[in-house]
Amino acid sequence: MAESNSWRSHRESDGNRSIPNGDDARNVRETGVQTDAKVQGQGPRLSKANLFTLLSLWMELFPKREACQQENDAAGVSGLVVVHECRVLGLHCSSAQLHAGQVAVVKHGPRLKSCELYFSRKPCSTCLKMLINAGVSRISYWPGDAELSLLSESLHHGSSSALQEAVLDATAAERLKSNSRPHISVLLQPLDCTVLQFLDETSQNADFLGKIVADNPALDTGDIYRREFWNNSDNFLEKFFISDEERHKYVLNKMGLENFCMEPNFSNLRQHMRNLIRILASVASSVPALLEDYGFFMREPVGMGSPGLPQDVIRHCVIQARLLACRTEDPKVGVGAVIWAEGKQSQCDGTGQLYLVGCGYNAYPVGSQYAEYPQMDHKQEERQNRKYRYILHAEQNALTFRSAEIKAEDNTMMFVTKCPCDECVPLIGCAGIKQIYTTDLDSNKVKHDISYLRFNKLNGVQKFIWQQRSSIRNTSEQDALPTANGCFKRKDEESSFKCNKRPRS
Ligand SMILES: Nc1ccn([C@H]2C[C@H](O)[C@@H](COP(=O)(O)OP(=O)(O)OP(=O)(O)O)O2)c(=O)n1
């Protein structure tokens, strides 16, 4: 039975998992359905496997500056997250020259030993044999279509050579899988409705949406969020979900996942996939794309430094940080930070000249046990019982757990979902970060145990702040879009370098 490829058709049957409308969202906040969990210090969070899976899906959508289809190769773009001992070493996607798995081999080489890899598509046999040889410990992949598509149009009209290749490749991949040491599997973990609801709510309350409404009180956060959400979920379902059940079963069978085709496994698998896609849509909606007037702009005149990355790349990196925030240990507010650097040469990666330096989210010290430290904020507890002296900030963790050095000659950029506080500003200033992309919603505020007074005074780091284009002082830059290569494009040229962007509904 064919399913409609849209959340709207699932809303009724989805019960309390459906995205809250404006009234419901307010009720959730007022009746404390979610707040109860927060007050008790049990904010729901994403599991690591689900977070890495979502990051891999999101990496597949990394904005491209070049056509990605490889010559003589029908492989689709794949996203990849390389993890070692729970630390993200690399975020990659296929380029015109290399598949994502090949990128990982080229970039990490022997460091792949004992790593866990999360792919947005089952990798082809060419990648798989190298990764197995590199000694990775686990390969997890999204159970949609494979890297070499098993869903070519010819599926129902006799076989094409591309389809024959894909089927042969799937067989080879299976053989490699069954004879190899690494665990190669689908690793999705069930989500309960509290996580879905919590992430809907926190996405809707994100500072980026808050800033828009602070600037334009007539606008409603819920309306903006819902418009973004439906647009994103339609796009992501089309990309990552196989709506036709029979076609999905065909793909699963070819990938050696016959067990998933049986009930109730099949329905459960599809529900988990839909839930994860929904979280991706929800998180992506917290940094709106449809409001074209909003973006990350410098307040200073553009002549004062590098013009910064293209807006779609910035937004992509900020949403990576928002995804990381879904694993916060702070029961009230999740913050994520990701550090990328721009090298001098192209990296053979789908990210072009960008390479990952580090990422993190706010959490208690590594290894701490549940409820070992205070979890309450200044509104809830006496000073000695508050979280602030114990919790590490997203920026601190991104700097501590970095996977690459910060090089003076490269442009190192931090993307963080909340304004850096006074504890983090000196760290950012001294670490060699050259650009920061964030929101200043909290700047100049003092909130009892945490203050945000130093960010505006941070010198030597270019600040790209989420704001309305028309609020920038220098009007000459209002119609110009900054590009990664240091030159400016006029607004009317934008479409020519947004080649990977989907049409908006
Ligand atoms: N750039 C930042 C800013 C803050 N944090 C973290 C530290 C805390 O874990 C949390 C801030 O906690 P608060 O309770 O102060 O959150 P709010 O700012 O939302 O408080 P309020 O409700 O007063 O606005 O975010 C972070 O990791 N990185």
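The domain assignment of the protein, applied here to a predicted model, divides the chain into three parts. Taken over C-alpha atoms, the centres of domain 2 and domain 3 are 25 Å apart. The contact between these two domains draws 13 residues from domain 2 and 12 residues from domain 3. On the side of domain 2 that touches domain 3, at least two residues each come from helix H7 (193-204), helix H8 (207-215) and helix H11 (265-284). H8 gives the most to this side, with seven residues. By class, the residues that domain 2 presents to domain 3 comprise seven nonpolar, three polar and three charged.

Helix H3 (residues 48-60) packs against H11. The axes of the two helices are 10 Å apart, and the packing angle is about 65°. H3 is therefore roughly perpendicular to H11, and the crossing of the pair is right-handed. From H3, the contact uses Asn-50, Thr-53, Leu-54, Leu-57 and Trp-58, while H11 provides Leu-276, Ile-279 and Leu-280. Six of the residues in this contact are nonpolar and two are polar, with no charged residue.

H3 also packs against helix H12 (residues 311-325), where the axes come within 10 Å and cross at roughly 165°. This angle makes H3 roughly antiparallel to H12. The crossing of H3 and H12 is right-handed. Here Leu-51, Leu-54, Leu-55 and Trp-58 of H3 meet Ile-319, Gln-320 and Leu-323 of H12. The contact of H3 with H12 contains six nonpolar residues, one polar residue and no charged residue. Leu-54 and Trp-58 of H3 take part in the contact with H11 and also in the contact with H12.

A further helix pair is formed by H4 (100-108) and helix H5 (residues 125-133). The axes of H4 and H5 lie 8 Å apart at an angle of about 30°, and the two helices are therefore roughly parallel to each other. H4 passes H5 in a left-handed crossing. The residues that meet are Gly-101, Gln-102 and Val-105 in H4 and Cys-127, Met-130 and Leu-131 in H5. Of the residues in this contact, four are nonpolar and two are polar, and none is charged.

Two features of the backbone were noted in loops. Most residues other than glycine have a negative phi, and most peptide bonds are trans. Ser-114, a residue other than glycine, has a positive phi near 70°. Ser-114 is located in the loop between H4 and strand E3 (116-119). The peptide bond that joins Glu-263 and Pro-264 is cis, with omega about 5°. Pro-264 lies in the loop between helix H10 (245-254) and H11.

The surroundings of the ligand were also examined. The ligand is surrounded by 19 residues, of which Asp-330, Val-335, Asn-362, Asp-377 and His-393 are the closest. The shell around the ligand is made up of 10 nonpolar, two polar and seven charged residues.

Terms used: Residues numbered from 1 in each chain as written. Predicted model: local features only at pLDDT ≥ 70, side-chain atom pairs only at ≥ 80, totals over all residues. Near = placed C-beta within 6 Å. Nonpolar A, V, L, I, M, F, W, Y, C, P; charged D, E, K, R; others polar. Domains from an automatic or database assignment. Contact = placed C-beta atoms within 7 Å. Helix = DSSP H or I, 4+ residues; strand = E, 2+ residues; numbered from the N terminus. Axes fitted to C-alpha atoms, helices over the stretch in contact; angles between N-to-C directions. Parallel < 35°, antiparallel > 145°, perpendicular 65-115°, else oblique. Left-handed = near helix turned anticlockwise from the far one by under 90°.
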